[in-house]
Amino acid sequence: MAKAAKKSGRTSKEPVTRDYTVHLHKYMQKVSFKKRAARAVRVIRQFAGKVMLTKDVKVDTKLNKFLWSNGVRNVPRRVRIRLSRKRNEDEDAKEKMFTLVQHVPVESFKGLQTETVRDE
């Protein structure tokens with residue numbers, strides 16, 4: 001027996017901006033030293049795509065610099081990122097929406113939770 005109707009769950013794709021904390025250290029277990037920083041960028045891309053439901057993910061240069069700041073081996077344990085789902089202005093783009101990932105500098109990660117940011 002096949003399902004007659006599709007679930008209309010989380011398919012709402014409107015522009016939204018949220019702040020997340022990504023615990024990179026748990027993704028760096030058993031990764032060789034020379035591949036850690038590149039893997040961290042890849043993990044953040046996967047996280048953004050999964051959370052924001054977009055395939056097109058653009059990583060900001062400041063976030064990339066922060067991830068590589070301690071070299072290829074010593075990736076920061078946690079990073080606070082701002083994920084912005086935006087409409088694609090390019091008319092011949094495959095996807096209607098894309099996600100921009102930016103770095104949010106914080107003093108401490110204690111007590112931080114996912115927050116929706118108001119767009120001005």
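Accessible areas here come from the Shrake-Rupley method with a 1.4 Å probe. On that basis, the protein chain of this predicted model exposes about 9,200 Å², and carbon and sulfur atoms supply 48% of that area. Of its 120 residues, 32% count as buried.

Two helices and five strands make up the secondary structure of the protein chain, arranged along the sequence as β-α-β-α-β-β-β. Links across the sequence are a clear feature: where contacting residues lie at least 6 apart in sequence, 71% of the contacts join residues at least 24 apart.

One salt bridge turns up in a search of the whole structure. Its partners are Asp-19 and Arg-82, with their closest N and O atoms 2.8 Å apart. This pair ties together distant parts of the chain, as Asp-19 sits in strand β1 (residues 16-23) and Arg-82 in strand β3 (residues 78-87), 63 residues apart. In general, side chains of opposite charge can pair when their charged atoms come close. Asp-19 counts as buried because its relative accessibility is 5%, under the 20% limit. Arg-82, at 26% relative accessibility, counts as partly exposed.

The surface also carries a nonpolar patch, formed by Val-106, Phe-109 and Leu-112, with about 190 Å² of accessible area together. Leu-112 belongs to the loop between β4 (97-103) and β5 (115-116). With a relative accessible area of 31%, Leu-112 is partly exposed; patch residues need over 30%, so Leu-112 can be included at this value.

Notes: Residues numbered from 1 in each chain as written. Predicted model: local features only at pLDDT ≥ 70, side-chain atom pairs only at ≥ 80, totals over all residues. Heavy atoms only, no water. Patch = residues over 30% accessible without salt bridge, like charges linked within 9 Å, V, L, I, M, F, W, Y side chains within 5 Å. Salt bridge = Lys/Arg side-chain N within 4 Å of Asp/Glu carboxyl O. Helix = DSSP H or I, 4+ residues; strand = E, 2+ residues; numbered from the N terminus. Buried < 20%, exposed > 50% of the residue type's maximum accessible area, 1.4 Å probe, protein only. Contact = heavy atoms within 4.5 Å.
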